[in-house]
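Hi everyone, thanks for coming. Have a look at it on the screen first.

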Amino acid sequence: MEIPYTAKIRPDTGLYNAKLGIWLFLASEIMLFGALFSSYILLRVGAEPGTWPQGLLNVPLGTFNTLVLICSSVTVVLGWAALKMNQFNKYRIYQGITILCALIFMVVKSFEYHDKFVHYFVRLNDGTEMNGHIEGNPMFMTLAKLKQQNKAEFVFHPDAPKADHKEEGNAGVAHATMTIQTADVRKLESWGPWHNTFLAIYFTLTALHALHVIGGALVIFMIWGPLAGMWKTDPERYTNRVEVSGLFWHFVDLVWIFLFPVLYLL
Amino acid sequence: MSLKAFHIIFVTACTLLAFGFGAWALHSYSTTKATLDLVMAIVALVCGVGMIWYGRYFLKKLKNISYL
């Protein structure tokens, strides 16, 4: 049995079915991301003045990733336009660039995540608080793990204080490498989602967004590669598939356009 | 709404982001005097102008495609 309205317009909706379906799906996605955005804004606005951590994220890297995603949205729409003009080879090139951009985005994001997982907050028994890196850049190190490994001391590189940013700790701490006795440490934790409210929301929002990037890139890749044979048998339906995947991709990129200033700049 | 219409919304959002980010970077430069902030501000403002040019090019290129 043939699936109806995959290429032709359905008279009562004025759309082909897949387009109606993707918009219903995107409506649910807006509710999901909207709820998380609202939570972030409520927590941000409700925080005591001067207590919200700022400057924890790498703005140049975030800017680069934003440019990469904007480029991918341009190529996704140019690919669709190329199909509309019967230029399959051009479509192949544009969508290939889209997939490449998605890969670049994920690689950069993984570097950003790694940077957080090797960044540590230390509180000593005398109340001194510092942020920085442990020698050797281990990931997810904790005080319990240090004790388990029988490490009596470790080398710590405190961050240089930034005049324009309100970071936790490092106030009055000399920016010099030091050896810390494990017995003197009261708290040691990496900058994972458990560290503070900001990082919890940062990881929740960006990881959810990254899952969407992976999902969208996989769908675009499937249409671009293994399912490209449909262009010969049913070009109109194939073009519609590309449009639907492009709509999803635009949504994912639009989410990032909101995420970037909210998380990195404000 | 077609991909064409959604793309126009996207380009509008990107243009606003580019100019907003440019203003943020300029403000940051006024306090830090860091060269990187100035470079980011210039790149963002150039990108904002570029997005406006691209939006006009896109509308001209896809003028025969429906917004629905």
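**Where the chains meet**

So, chain A and chain B bury about 2400 Å² between them, and 85% of that is on carbon and sulfur atoms. Before I go on, please keep in mind that this is a predicted model.

Who is doing the touching? On one side there are 30 residues of chain A, and they are in contact with 24 residues of chain B. Three names to remember here are His250(A), Leu254(A) and Leu265(A): together they supply 19% of the area that chain A buries against chain B, more than any other three residues. And how many salt bridges are there between chain A and chain B? The count is 0.

**How the helices pack**

Pair one is helix H1, residues 17-46, with helix H7, residues 235-265, both of chain A. Their axes come within 10 Å and cross at roughly 10 degrees. Angles under 35 degrees count as roughly parallel, so H1(A) is roughly parallel to H7(A). The crossing is right-handed. Residues making the contact include Trp23(A), Phe33(A) and Tyr40(A) from H1(A), and Phe248(A), Phe251(A) and Phe258(A) from H7(A). By class, this contact has 18 nonpolar residues, 3 charged ones and no polar ones.

Next up is helix H2, residues 59-84, against helix H3, residues 88-117, again in chain A. Here the axes come within 8 Å and cross at roughly 160 degrees, which makes H2(A) roughly antiparallel to H3(A). H2(A) and H3(A) cross in a left-handed way. Their contact is made up of 17 nonpolar, 6 polar and 3 charged residues.

H3(A) also packs with helix H5 of chain A, residues 197-224, at an angle of about 155 degrees, with the axes 10 Å apart. That makes H3(A) roughly antiparallel to H5(A), and the crossing is left-handed. Sorting the residues of this contact gives 19 nonpolar, 5 polar and 4 charged.

Note on methods:
Residues numbered from 1 in each chain as written. Chains lettered and ligands numbered in written order. Predicted model: local features only at pLDDT ≥ 70, side-chain atom pairs only at ≥ 80, totals over all residues. Heavy atoms only, no water. Axes fitted to C-alpha atoms, helices over the stretch in contact; angles between N-to-C directions. Helix = DSSP H or I, 4+ residues; strand = E, 2+ residues; numbered from the N terminus. Parallel < 35°, antiparallel > 145°, perpendicular 65-115°, else oblique. Left-handed = near helix turned anticlockwise from the far one by under 90°. Nonpolar A, V, L, I, M, F, W, Y, C, P; charged D, E, K, R; others polar. Contact = heavy atoms within 4.5 Å. Buried area = accessible area lost by both parts, 1.4 Å probe. Salt bridge = Lys/Arg side-chain N within 4 Å of Asp/Glu carboxyl O.
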